[in-house]
Amino acid sequence: MNDVGTRVDAPVDTHEMVLIHRVLRREFGQLPRLFRSAADDRARSKLIGAHAREMLDFLHTHHTGEDELLFPLLRERAALDPELMDRMDEQHAQVDDAVRALEAELPAWTASADAAAGERMATRVEATMPTLIAHLAEEEQKLLPIVSVTVTQSEWDALAKHGMSAIPLTRRLVILGHITEEASEAERQRFMQVVPAPARLAYKLIGHRQFTREATAIRG
């Protein structure tokens, strides 16, 4: 540790979190349109409902990992602006409240495709997006540079493991497609280095095709 509480050995590569954030911005940004596109169409509401459920779980797991595994380490070791961390916590709470409200309505809407319920969920996502976008941006700009020199590689790996363990085995290749969809070739290669070789091969052989097929159906 140095005199401000940060580590002095090699920084941790935190760029994979930037890729995760791209998924959240993109997929939640599309949800209002997707909810509205399924009005009175039960086949489509079933498809969109499953996707929304997966993204809500993805966001919840991401925030839980930060709350339990990352933020406590930062508070313990780094000289942080208390207002910054209070704002992070408040933004998490606001987004999590919206997630819980969506989770409460989603099952009935998935089954019924009720247009009014879909509109309520679309409006709720739209109202939450400014907070989510601001939170992700500030996290990238102000927290990740501190994270890279504050946590150990094993602690960072534990955060990634927490996220992956929450994804069902049958869905991991599709989530990999979401994560790498907007990545540059350099970013893709960099991210794939931390993916086990069998998963890299499986994604090349079947995962990318599965993701593309699903994404095309969802986005219409």
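1. Setting aside neighbours within four places in sequence, Trp109 is in contact (heavy atoms within 4.5 Å) with Phe35, Ala38, Ser45, Ile48, Gly49, Asp114, Ala117, Gly118 and Met121.

2. The model is predicted, so to read it: local features need pLDDT of at least 70, side-chain atom pairs count only at pLDDT 80 or more, and totals for chains, interfaces and linings use all residues. Residues are numbered from 1 along each chain as its sequence is written, and side-chain values use heavy atoms, without hydrogens and water.

3. Trp109, together with Phe28 and Phe35, touches the most other members of the largest nonpolar core, which has 41 residues. Such a core is a set of buried Ala, Val, Leu, Ile, Met, Phe, Trp, Tyr and Cys residues joined through side-chain atoms within 4.5 Å; buried means under 20% relative accessible area (1.4 Å probe, protein chains only). Two or more residues each come from H1, H2, helix H3 (82-112), H4, H6, H7 and H8, with H1 giving the largest share, 8 residues. Helices here are DSSP runs (H or I, at least four residues), numbered from the N terminus.

4. Helix H1 (residues 15-37) packs on helix H4 (residues 115-148) at about 165 degrees, with axes 9 Å apart. Axes are lines fitted to C-alpha atoms over the stretch in contact, and angles run from 0 to 180 degrees between N-to-C directions. The pair is therefore roughly antiparallel, a term for angles over 145 degrees.

5. Helix H6 (residues 172-180) has 8 of its 9 residues buried, among them Leu173, Gly177 and His178. Its buried residues are covered by elements including H1, helix H2 (42-77), helix H7 (185-192) and helix H8 (197-219).

Conventions. Angles under 35 degrees count as roughly parallel, over 145 as roughly antiparallel, 65 to 115 as roughly perpendicular and the rest as oblique. Buried means under 20% relative accessible area, exposed over 50%, partly exposed in between (1.4 Å probe, protein chains only).
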